[in-house]
Amino acid sequence: MRDIAIEILYTLIILLMLYGFITALTFVLYFSSRGHIDTYQDSSYFSNTKPEYYLYGRGAGLVVRGRELLASDKKQIIFFGASTTVEGFRPEVINEHDSTVVVHNCAIGASNITEIEDVIDLILESTEYAEREKLHLVIGISYVLLRPDSELWPAGKTNIQAEMMRYGIYNHHNKRNLSNIETETLVNILRPVLLIDSIIHRMILDPVFNIALYINNKWLRPMNFLITDNLNDVVVTEDYKNYVERVMHKRMGTEDDTIQTEQFNKLIEIARKTYTNNIQLTLVDLPVPQWHMSRSKHFSHYQKMKVDYFNLLKTSFNTNLIDMQFMNDDLDFYDFAHPKPMTSIKWSNFIGKKLLINNSDDQIMSL
Amino acid sequence: MSFTSPIFVLFITLSIIALSTVCIDKTYKWMLLLLNLLFISSFFSSISSALPFLAFLLSGYVVVLFAYRLNMTSILLVVVVSFVLLFSYIKQYTLFAWAPQISVTFSVVGMSYILFRVIHLVVDIYDESIKKRIDIIDYINYTCFFLSFVSGPITRYQDHTEQLKEAKYKHEEDRAYILKSLSRVFSGYIKIIAISALLYFLITKFNQEYWILKVGSSGVITSCWFAYTAAIYFIYLYFNFTGYMDIVVGIGNLLGYRLPENFNQPFRSRSFLEFWTRWHMTLSEWFRIYFFNSLVKYLSGKLTNPRYMIPIGILSYFITFLVIGYWHTPELYLAFLLGLGAGINKLYQCLAKNLLGRKLIKRLNANTLYIHLCRGITLSYIMVSIVTMWINVDALLAKYNLASVIISFVSVWILLGLLCAFCIFLIERFLVLYTVVKLCVPNIKYFRLRPNLSLAIKLFIILYASIITLNPIPAFVYMGF
């Protein structure tokens, strides 16, 4: 019995030493951060210019656990949306238009307005009331963002809500267990776990996922045009265009290819929250390629529905609107919604000028 | 009480302290009884929910007492069969679908293993392998021993008492033995919390609905999904069960009690029958001694002509595995597939011996390609059989006709078998390479705490897997049998 206890004690001491060593190592390796959140995943793996990827995770995880990066006494512009926004707006490029502002991209792939609202709630929770007027929230919206909750979150929880429950930061009722400082302390304590998790994702899961994606794109779906080293060179095929119609018919949750009002109503809620918190909200009406605009019934219905909602947002909640739908050149997209890397530079410069260069007549586009 | 809960860890810690500090026989016996009852009580939410279990347990003791008193085989057989029927009624097997239901909600955990132990006691008492009287406390301590209560392993009473005696008086622990036992416990937890949790996620996330939505719903796609699920589920079951075994065997070792092993590299099995000598070995051994041997003896007594020996063997295997399958699940598909597998395997062995002769069979058994193919199709047969435990076979039969399902089943079995054979071949090459590399690395004298470092790393993996997962840790599958 005594011998068993001694061996367990030695083991625990070694574990603590090992844990402490890895924690210290993370502070040495990742001593700085970029100072902003960007959910865009690029291909550089072990670059220590992006330490927050290793410590906080990606996508939803980065947003939930990396919110300390939002702590700034500067004016902040935060982008929200789905994958089109993730890929379309580069904070570094936008920042070139005004370095006094901090630009974040908190968009999360495969999102809808419900999840955006979750993210905004987290942002508000992390920001003192007096500091909120320095926030400018920008939502990149298209019809794809309006997928109903029943289709996107069949388990009843968004990715953000699932991430919130990790590590006990929030409980199962989305009530916070820990304050901002306690969360930051917990994240620091969990550094070795987060780091190992990140390395496993990059070294094992990502390659497996990429292989599965390759097999999927090459043989199972007509996406083999995507198997290329350079997304800038992609040209969409006719088979793919037909495939998109079939898939979106299933994904949008209606038999008649119309858009439901559920997500628009959530958008109204977001506008109400930002308005009462003295936060500026801007909607960016994102483009889809011309070929998809002409074929998609969902897009047509969205165009009709949005008029009244956008008017309501503008008149009742002082929401700005930036229309980018004219930027719909087919060659700018590598599929039905996502901009090519070269396009994101174009989009980022465009939006940077609209948001940051003081020209109020150009900024607000009325319907 | 879940094996992966902090309460279980606390319970085991207290058990080790309590059992290590007593050495007087009577006190040890009562201490063990207390621990066993404490452990069992954690599976019941109220006294009323424990009543069916208590009734069954006490009935078992009554049956054991009958074994001491009765001399007539037929009467004893009636008593045992009645006990089995009571078990079937409480477990609500389809045999008793007509019977009135028990009105309280209750747990049936551990009851199967109590049944096996009681039947073993009765047979061994009757043929005087156990002569000494078993009192109620020894009976409960044997049938409800907390380490093997949930899902075995099934120990013989004689071995159990011998082990308890050794555990009571052995208080000096060898350091290497302690470290090996702790390592085994931690490995068990890694298998359950990390590996089987990941595999469970792969089954539930990429389920049939996912495949239909993302890939398609044709017959070929459904067959691919079936093959994928069969393979992943089998590997999940392996890690789930062996993880549990590692935990209980490791803890038993720390207590000074050696539980028998339940697994012996089942992936190396070259035939269906060999598989069951390597997988859940104590269960197979129990069925061999108390069911198969008895059945063969009975049939041989009825059909005395030597030409019936082979058919008797084949039939006995078929029936034995039919019962094993039915024990796993009241759905008849698994029972039929296991029975069929055993029958065909035995038939093949007999035919091969007659047609090919011993020399050729020996050469064949030494052929690497043949060995790998046998391993592959053995494993794939087990995989596609076991998955029928939980997929809706009736729905498949309703959607596709019987002939299509059979053809798909056979095709999946063979193709999956070839894939398994190839994977086994690759793994064996890797293991050979690993052994060679290990031999080349100089045997550097390591510092004294290196084994503790290895344990610390395992503990970190357990911590990591527990923290990062959002899904609940999968339950121990065999607890439900």
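In which helix of chain B do B:Arg288 and B:Glu285 lie, and how many residues apart are they?

Tutor: Keep in mind that this is a predicted model. B:Arg288 and B:Glu285 both sit in helix 12 of chain B, which covers residues 281–302. They are three residues apart, about one turn of the helix. An α-helix has 3.6 residues a turn, so residues three or four places apart point the same way. The two side chains form a salt bridge, with the closest N and O atoms 2.6 Å apart. B:Arg288 counts as partly exposed because its relative accessibility is 38%. B:Glu285 has 36%, so it too counts as partly exposed.

Now take a pair that reaches across the sequence. In chain A, the side chains of A:Asp149 and A:Lys266 meet in a salt bridge at 3.8 Å, N to O. A:Asp149 lies in helix 7 (residues 149–152) and A:Lys266 in helix 12 (residues 262–276) of chain A, so this pair ties together parts that are 117 residues apart in sequence. A:Asp149 is buried, at 17% relative accessible area. A:Lys266, at 24%, is partly exposed.

Chain A also holds a network of salt bridges. It links A:Glu238, A:Lys241, A:Glu245 and A:Arg295.

Next, the step between chains. The whole structure has 23 salt bridges over all chains. One of them joins two chains, because B:Arg175 lies in helix 8 of chain B and A:Glu7 in helix 1 (residues 2–29) of chain A. Their side chains meet at 2.8 Å, N to O. B:Arg175 is partly exposed, at 23% relative accessibility. A:Glu7 is buried, at 4%.

On the chain B side, the elements giving two or more residues are helix 1 (6–21), helix 8 (175–205), helix 9 (208–214) and helix 18 (450–468). Helix 18 supplies the largest share, eleven residues. The chain B side divides into 21 nonpolar, three polar and four charged residues. Across the interface, 28 residues of chain B are in contact with 26 residues of chain A. The two chains bury about 2400 Å² between them, and 75% of that is on carbon and sulfur atoms.

Helix 18 of chain B deserves a last look. It has 19 residues and reaches 27 Å from its first C-alpha to its last, close to the 27 Å expected at 1.5 Å a residue. Its buried residues include B:Leu455, B:Leu459, B:Phe460 and B:Ile462. B:Asn452 and B:Lys458 are also among the buried residues of this helix.

To sum up the pairs: B:Arg288 and B:Glu285 lie in one helix. A:Asp149 and A:Lys266 bring together parts 117 residues apart.

Notes. Residues numbered from 1 in each chain as written. Chains lettered and ligands numbered in written order. Predicted model: local features only at pLDDT ≥ 70, side-chain atom pairs only at ≥ 80, totals over all residues. Heavy atoms only, no water. Contact = heavy atoms within 4.5 Å. Buried area = accessible area lost by both parts, 1.4 Å probe. Salt bridge = Lys/Arg side-chain N within 4 Å of Asp/Glu carboxyl O. Helix = DSSP H or I, 4+ residues; strand = E, 2+ residues; numbered from the N terminus. Nonpolar A, V, L, I, M, F, W, Y, C, P; charged D, E, K, R; others polar. Expected span 1.5 Å × (residues − 1). Buried < 20%, exposed > 50% of the residue type's maximum accessible area, 1.4 Å probe, protein only.
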